[in-house]
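Thanks for coming. I will walk through one structure this morning, starting with a single loop and then moving to the sheets and helices.

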Amino acid sequence: MALSFRICSSSPLICRATLSNGDNSRNYHTTDAAFIRRAADLSEMSAGLTSPHPNFGCVIATSSGKVAGEGYLYAQGTKPAEALAVEAAGEFSRGATAYLNMEPGDCHGDHTAVSALVQAGIERVVVGIRHPLQHLRGSAIRELRSHGIEVNVLGEDFESKVLEDARKSCLLVNAPLIHRACSRVPFSVLKYAMTLDGKIAASSGHAAWISSKLSRTRVFELRGGSDAVIVGGNTVRQDDPRLTARHGQGHTPTRIVMTQSLDLPEKANLWDVSEVSTIVVTQRGARKSFQKLLASKGVEVVEFDMLNPREVMEYFHLRGYLSILWECGGTLAASAISSSVIHKVVAFVAPKIIGGSKAPSPVGDLGMVEMTQALNLIDVCYEQVGPDMLVSGFLQPIPDLLPVIPSEDATVEIDPSVDPFEPSIIFFYKTWDLYGSFSNFSPHPIRMPYGEENDDYMTWSSVEHYYQVPHNSPCKMVSCSFKTT
């Protein structure tokens, strides 16, 4: 089942809750929706830093509707959003309502988020969406309810148009994780800037600059929220891009170059890996001597028997990447769309006309000959950015998380030996486990305690670097239940 977002609906959703007073119920839903949207907005502030984990946000509001505290997950392994919000709210947490964009969940059994809400005396919790990973879905909600806390989940306990819009914001902010859990490929966004007549460059290949400075700033923000940016070989040859976020702080995504022939220049900005890594994916056996040159510069080269976007994305899915921004030319964009790995399109349209029968367009040949074959975007948004128009929409709908799980009674009736709420969980992770919970190849470093007292910490470049240290090393004499940063 897939969820298709639409701005308008022919008939309003009917609230499941008993409406003793229509106006009060509408106000009640409006308040809940506003705080849930705020939690989603907060969670997005760490986009790109929390991967491969979700973006979490929490708002604590008093019975009078005042915000007492809020917080969001800064990065992997940092204090949960719920704990931060409770600390900010202090004594006002008692009897208050906590609004969460997503159900709490931790891949190695940490219950800090739930414990913080329980110990603070939270009376009610409103959850935007359940956790998308099956072995975590519903666990925190059941635990909160077991402590006598009222828990409401949007779309399950009550419905209305305003609440559905709020739930949509929760789905959008964690679309990469939801897609990863359902499709086993990273969430991919195709971004391009074009002139009003549909050109991404002049006939000569010159493309700087089509869009405005404001639009380019938005692109840097898109990069900063992505795990990786991917381009084709022609982009490297023509533009010599840096593909950095250029904001001087925060997350800088990995650069990926996809080229079948490996016909690339010996000198390029992407070969400078002093600040961020570059990965080149190519056909097996292509230009072995050039591969050695790239390796000498610190560039990683990955060979594929058959180079195509689907296999490349499946590979990076296994390496733990949640979201990838495609900034490639029309040929690779068409191949990626044909391979069904592009989920969203973001297009900046500049009020310029350049013409040229041979000037490149953003998407190459898709083999379509009739307008009825055209791909329609879902949930289209329009926004003016300086002089440009930003048009975005989904090529593939975000998978729906409803219905979530059967009731315990229903499951027992079907098969008394099956307990869907207690699946086996792997506590020592190698690559992505069965549920997609953790990765050797997480794009972020990890910070581990070492020494007998565990008061000191050491930072490792990746989980894999930690695994490769000899087991008798003093730095390995610690528990396996580590956190990441």
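What you see on the screen is a predicted model. Asp-240 has a positive phi of about 45°, although it is not a glycine. For background, most residues other than glycine have a negative phi, and most peptide bonds are trans. The peptide bond from Ala-208 to Trp-209 is cis, and its omega is near -5°. Trp-209 belongs to the loop between β6 and α7 (213-224).

Now the sheets. As a reminder, strands of a sheet pair through backbone hydrogen bonds, either parallel or antiparallel.

Take the sheet of nine strands. It is open, its pairing is mixed, and the order reads β10-β9-β8-β7-β11-β6-β12-β14-β13. Which strands stand at the edges? They are β10 and β13 (378-385); each has a single partner strand, so one side of each is left without a neighbour in the sheet. From one strand to the next, the twist averages 20°. Within this sheet, β8 (residues 254-258) and β9 (residues 278-283) run parallel and are joined by four bridges. Look for Met-258, which stands opposite Val-281 in β9.

A helix packs on this sheet, namely α10. It touches β6 (187-195), β7 (228-232), β8, β9, β10 and β11 (323-326). The direction of α10 makes about 130° with that of β10.

Staying with those two elements, let us turn to aromatic rings. How many aromatic pairs does a search of the whole structure find? It finds five. One of them is formed by Phe-304 and Tyr-315: the ring centres are 5.5 Å apart and the planes are at 85°, so the pair counts as edge-to-face. The cut-off for that label is an angle over 60 degrees. Phe-304 lies in strand β10 (residues 300-304) and Tyr-315 in helix α10 (residues 309-318), so to speak a link between distant parts of the chain, eleven residues apart.

The other sheet I want to show has five strands. It is also open with mixed pairing, in the order β2-β1-β3-β4-β5. Here β2 (67-72) and β5 (150-153) are the edge strands, and because each has a single partner strand, one side of each has no neighbour in the sheet. The twist averages 15° from one strand to the next. Strand β4 (residues 124-129) runs parallel to β5, with four bridges between them. Val-126 has Asn-152 in β5 as its bridge partner. Helix α5 (residues 161-173) lies across β3 (97-102) and β4, at about 60° to β4.

Last, a pair of helices. Two packed helices are described by the angle between their axes and the distance between the axes. For α2 (residues 81-89) and α3 (residues 112-120), the axes come within 7 Å and cross at roughly 25°. That makes α2 roughly parallel to α3, since angles under 35 degrees count as such. The crossing is left-handed.

Which residues meet there? From α2 come Glu-82, Ala-83 and Val-86, and from α3 come Ala-113, Ala-116, Leu-117 and Ala-120. The contact divides into six nonpolar residues, no polar ones and one charged.

That is the end of my tour.

Technical notes: Residues numbered from 1 in each chain as written. Predicted model: local features only at pLDDT ≥ 70, side-chain atom pairs only at ≥ 80, totals over all residues. Heavy atoms only, no water. Pairing = 2+ DSSP bridges. Helix = DSSP H or I, 4+ residues; strand = E, 2+ residues; numbered from the N terminus. Axes fitted to C-alpha atoms, helices over the stretch in contact; angles between N-to-C directions. Contact = heavy atoms within 4.5 Å. Parallel < 35°, antiparallel > 145°, perpendicular 65-115°, else oblique. Left-handed = near helix turned anticlockwise from the far one by under 90°. Nonpolar A, V, L, I, M, F, W, Y, C, P; charged D, E, K, R; others polar. Phe/Tyr/Trp six-rings, centres within 6.5 Å; stacked < 30°, edge-to-face > 60°.
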